[in-house]
Amino acid sequence: MLAIYKRELRSYFVSPIGYIFVAIFLIASGLLFSYCTLQAGTGSSVSTYLTLVMYMFIIVLPLLTMKLFSDEKRMRTEQLLLTSPVSLMGMVVAKFLAAYTVFAATYLISCLDFLVLYQYGTPNAAILLGSSLAILLAGGACIAIGVFISALTENQLIAALGTMAIIVFFILTSILNGYIDNAVIRSVINWVSIMERFVNFTSGIFDFNAIVYYLSLSFVFLFLTVRVYDKRRWN
Amino acid sequence: MIKIEHLVKRYGDKYAVNDISFTVEEGEIVGFLGPNGAGKTTTMSMLTGFLSSTSGRAEINGIDILEDPIAAKRQIGYLPENPPVYMEMTVREYLNFIYDLKGCTLNRSMHLKEICDTVRISDVYDRVIRNLSKGYRQRVGIAQALVGNPKVIIFDEPTVGLDPKQIIEIRNLIKTLGKSHTVILSTHILPEVQAVCDRIIIINKCKIVANEKTEDISKVFEGSRRLSIKVCGPTSSVLSTIRGVEGVTYAEVLGSHDADSTSYLVESAPGVDIRKMLFNTLAAKSWPIIGIESMGASLEDIFISVVDEPDQTTRKKRRRNRGDAEKEA
């Protein structure tokens, strides 16, 4: 399992994809950060920035996950992993953790931005810490979604687009709530939404339910990935 | 060492492998022979745990692949049809990755060096796999299967796409490996199994149609023995004399190539050697035999007949037709 994790992590940085991800993430988050907090405006607040980071997931996280399994399938190296003495869960978790490491490390680097806030004022540490934790966990959930989708196809582009579609569902659909009459649908959308649960963190409230939800979401999609492989073996 | 019992793989109502059973002893090299799509790869995939069987059992060294997949996989080195290499890695990185992946406990540098020397990739050890030729990639694939010194090595079409020199090298390598490992290899190239394997399993249309020692396989499949003999003497009387020899089941004229001699095709019952009898009979009439040639079915003939036409009569017809063709020639 450690071998797969190390190889996967390394492969991000022998191909351009790792650098592209880090570059896009840091540039975009830097721009958003300065736009949201440093420039004077009515809506200027670090909370807006943190929300936008979540929206960024839609574009950047599929970059990390699209190749995880689809590339193995295309290169026929999948057989190697599946015939080696490693459990399916071990294989899936190793790949998930490799992508997660790149994401988490990049996000933590982007947190250096917050130092600027301390230079000019006294930001609410509860907002920064709580939201960062939520971002890290919600990012994990989105990566797990990407892991799952990439196990379904050998085409990286399809993996990326499919992942985007599902992340959009989890992050953006709650925006539609204002237009939906039916209370049942609205409550379902609210319940599954990653974003609705994130709002509390941006106000400095620690929402334990949300944490559990993000972790469960990651677990469910990793588990589904294992099931995909298990099922493929049986079919 | 390997025990396969009533293995079945079904996709919907279509069989990929239908009720295959065989065993492989320790230290044996077994060739898995069959046309494309016969079920060789599927069988190997089930043996290595890549696919699960619909029913039946596969045991490696007493460990059921479905009951304890991880322990069973530890016993196996597998080279799939396409060498499963990561193009962006160097050979060194790749083999070290495999070493970690398999959780080896042998001395790392010594073990990897030994493997590289065996498959002769030491000279490309620090090159990126993407830049290697097909032959080298194949050898890296073989090296990968050898990491951890597994008891059983399974090769799926190990020589496909290689040039003749590389093919010979790989075959020799497999023979060498066979001394210390149990090897199963699949191929649709006949001379390959003949050259390398102790035993041949022919598989066709998802079933085993033959499972014999390499040296025995032609005996089993040849219903009758065939000779081509060249005799000096009057054609029609020689032919009727030959037909009268005890043990001859069929004889016909193949053609006369020289002025005073004629070639005949003679078939005899299985297990009967009629050559002495033929010689004596014809010598008594002072029609000298100036050439005798065994037309014993080659592995190729066996393979084609087993795979193409399980129907006995068409096989016979085909043989006759071939006789005619030779006559015309």
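The model is a predicted one. On the chain B side, the residues that lose the most area to chain A are Phe50(B), Tyr86(B) and Leu101(B), which together make up 28% of what that side buries. Counted by residues, the contact takes 25 from chain A and 29 from chain B.

Two salt bridges are counted between chain B and chain A. In a salt bridge between Arg10(A) and Glu93(B), the side chains meet at 2.7 Å, N to O.

Three elements of chain B give two or more residues to the side that touches chain A: strand E1 (2-11), helix H2 (69-74) and helix H3 (91-101). H3(B) gives the most, with six residues. By residue type, the side of chain B that touches chain A divides into 16 nonpolar, seven charged and six polar residues.

Eight of the 11 residues in H3(B) are buried, which leaves the helix mostly covered. The buried residues are Val91(B), Tyr94(B), Leu95(B), Asn96(B), Phe97(B), Ile98(B), Tyr99(B) and Leu101(B). Leu101(B) is also one of the residues named above for losing the most area to chain A. The cover over the buried residues of H3(B) comes from both chains: it includes helix H1 (2-14) and helix H5 (78-82) of chain A, along with helix H4 (108-119) and helix H5 (134-146) of chain B. After H3(B) comes Gly103(B), which has a positive phi, near 60°.

The other partner is chain A. Chain A is as compact as a globular protein of its length, because its radius of gyration, 19 Å, is close to the 18 Å that the globule rule gives for 235 residues. The C-alpha trace of chain A spans about 55 × 45 × 30 Å along its principal axes. Of the 235 residues in chain A, 53% are buried. Among contacts in chain A with a separation of 6 or more, 76% are between residues 24 or more positions apart.

Notes. Residues are numbered from 1 along each chain as its sequence is written. Chains are lettered from A and ligands numbered from 1 in the order in which they are written. This is a predicted model: local features need pLDDT of at least 70, side-chain atom pairs count only at pLDDT 80 or more; totals for chains, interfaces and linings use all residues. Side-chain values use heavy atoms; hydrogens and water are left out. Contact means heavy atoms within 4.5 Å. Buried area is the accessible area (1.4 Å probe) that two parts lose on being put together, summed over both. A salt bridge is a side-chain nitrogen of Lys or Arg within 4 Å of a carboxyl oxygen of Asp or Glu. Helices (H or I, at least four residues) and strands (E, at least two) are DSSP runs, numbered from the N terminus. Ala, Val, Leu, Ile, Met, Phe, Trp, Tyr, Cys and Pro count as nonpolar, Asp, Glu, Lys and Arg as charged, and the others, Gly among them, as polar. The radius of gyration is taken over C-alpha atoms; the globule rule is 2.2 Å times the number of residues to the power 0.38. Buried means under 20% relative accessible area, exposed over 50%, partly exposed in between (1.4 Å probe, protein chains only).
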